[in-house]
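Here are some notes for a first look at this model. Please keep the structure open as you read.

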Amino acid sequence: MAVTRILAPSPEQFFQQIDTIIKSHSLRGSESLCKLLQYLAKQSLYHPDAPLKEYQIATEVYGRPADFDPHSDSTIRVQAGRLRLKLAEYYAGEGAADPIVVKIPKGSYHLTFGARPIEPLALAQSASSRQAAASGAATTVPIGWRVAVILLLAGLTTSLIVLGSLLWNRKLPEPAMAAPSAPRTEGSLAALWRPFTSGPEEPWVIFSNAAFVGRPETGMRYYNSRQDSKIAVYDHYTGVGEVLAIHALDDAFGTLGRKIRVKRGSLFSLDDVKNNNLIFVGSPSENLSLLDIPGTQEFVFQRVATGPRQGDLSIVSKHPKPGEAGAYLASPSNAPLTEDYSVVGLVPGIGSGRYVMILAGTTTFGTQGAVEFVCRQESVDRLLHSIPDSGVGPIKPFEALVRVKIARGVPVGTELVAVRAR
């Protein structure tokens with residue numbers, strides 16, 4: 001039977017525990033989850049009686065606009081769910097001995113801080129020690145108890161030696177000796193992502209965070225180097241599609257027995273592309289890091305130069321085949337967004353044996369659709385079936401164009417439009 005300790009830590013101790021969790025391996029690279037955990041801790045400790053709503057979190061933590069609708073946008077629920085899983089992962093491993101346990105109860109965004117249960121024997125021993133120290137009295141252990149303890153320790157030591165010998169001599173089959181990080185599934189999904197799961201290092205996922213000027217409450221626009229050189233630049237905003245795309249990638253790699261590392265585009269460096277496999281989430285118009293590396297050659301992003309859609313971002317097919325269009329655009333900005341187009345491209349990286357996966361739409365929802373397309377077994381089946389010689393040996397570089405159907409800001413379907421082998 002476990003007994004909960006009675007203690008009254010100070011808020012500083014609670015925040016110290018939050019800081020320990022943020023620096024842990026479980027939350028390494030999860031900048032958005034660390035930011036959310038810090039905010040929830042402050043609100044829970046300083047304003048425990050104040051309701052904590054999705055709208056408040058969305059606008060104050062992630063900079064969402066004032067018209068954010070939690071009923072149609074599940075970003076906060078998804079992030080809270082991911083954080084809840086990360087906390088459980090932390091306390092099952094690194095934090096197994098931490099004295100303070102932090103949880104996010106389902107149905108609430110307020111954190112709870114609990115003391116880890118300890119056994120009654122430990123409590124009794126602790127109380128006896130304190131009592132003996134207070135009274136200054138020496139405790140005398142009867143001789144019979146001493147003999148019993150010695151015999152018990154001798155028996156335990158013998159048992160451990162026998163157990164160690166058995167484990168040492170036991171011959172495990174090869175599959176049991178395989179590295180725990182090796183992919184655990186087969187099939188097309190595993191084949192598509194094998195360039196990113198076969199190495200010892202986790203791939204970096206680089207998500208877009210375009211440079212903006214202005215403020216949400218007064219109006220924001222993309223940074224223009226020619227006219228905004230003296231204006232403060234904000235690069236900590238990204239689209240909801242990118243957020244949900246990271247969640248989808250994390251789930252997909254989890255089924256393959258691997259993890260991902262996450263970094264925003266503004267922190268990307270050329271050393272990253274030389275030394276790591278990379279997955280880019282977002283188009284070059286917002287993920288400017290894509291401009292510094294080898295990209296797609298058959299399906300490229302370009303702004304429309306003339307006509308009624310001038311300035312809109314399009315995907316241009318450099319060598320359209322019969323029946324294919326020369327350029328593809330999302331729904332016009334003056335109409336409901338019901339359609340977008342995305343590029344899925346596997347290209348060689350700069351470093352030897354390195355790969356780059358590009359997942360980008362002309363809008364944030366197109367990007368989300370592209371990522372979900374490569375994270376689902378059935379759509380990956382269609383993709384690999386369309387790539388020449390994809391069933392022979394390792395997957396070869398390719399580029400694909402995907403149409404994304406959208407309803408109320410949510411990708412609801414994808415269609416493979418064209419594929420090019422490289």
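This is a predicted model: local features need pLDDT of at least 70, side-chain atom pairs count only at pLDDT 80 or more; totals for chains, interfaces and linings use all residues.

1. Which residues of helix 1 are buried? They are F14, Q17, I18, I21 and I22. Viewed down the helix axis, these buried residues fall within an arc of 140°, so they line one face of helix 1. Residues three or four places apart in an α-helix point the same way, because a turn takes 3.6 residues. Turned away from the buried side of helix 1 is a face with the exposed residues E12 and Q16.

2. The length of helix 1 also checks out. Helix 1 covers residues 11–22, which is 12 residues. At 1.5 Å a residue they should span 16 Å, and the end C-alpha atoms lie 17 Å apart, which agrees.

3. Next, the nonpolar cores. The largest has 43 residues, and L192, W193, L249 and I279 have the most contacts inside it. Helix 9 (residues 240–255) supplies the largest share of this core, eight residues. Apart from this core lies another, of 28 residues, including I22, L87, Y90 and Y91.

4. Look at W193 in particular. Leaving aside neighbours within four places in sequence, W193 is in contact with L249, F253, L256, I279, M357, L359 and V374.

5. Last, a hairpin. Strand 4 and strand 5 form it, with three residues between them. The two strands, residues 212–215 and 219–222, run antiparallel and are joined by four bridges.

How values were computed: Residues are numbered from 1 along each chain as its sequence is written. Side-chain values use heavy atoms; hydrogens and water are left out. Two strands pair if DSSP finds at least two bridges between them. The expected span of a helix is 1.5 Å times one less than its number of residues. Buried means under 20% relative accessible area, exposed over 50%, partly exposed in between (1.4 Å probe, protein chains only). The arc is that of the directions from the helix axis to the C-beta atoms. A nonpolar core is a set of buried Ala, Val, Leu, Ile, Met, Phe, Trp, Tyr and Cys residues joined through side-chain atoms within 4.5 Å. Contact means heavy atoms within 4.5 Å.
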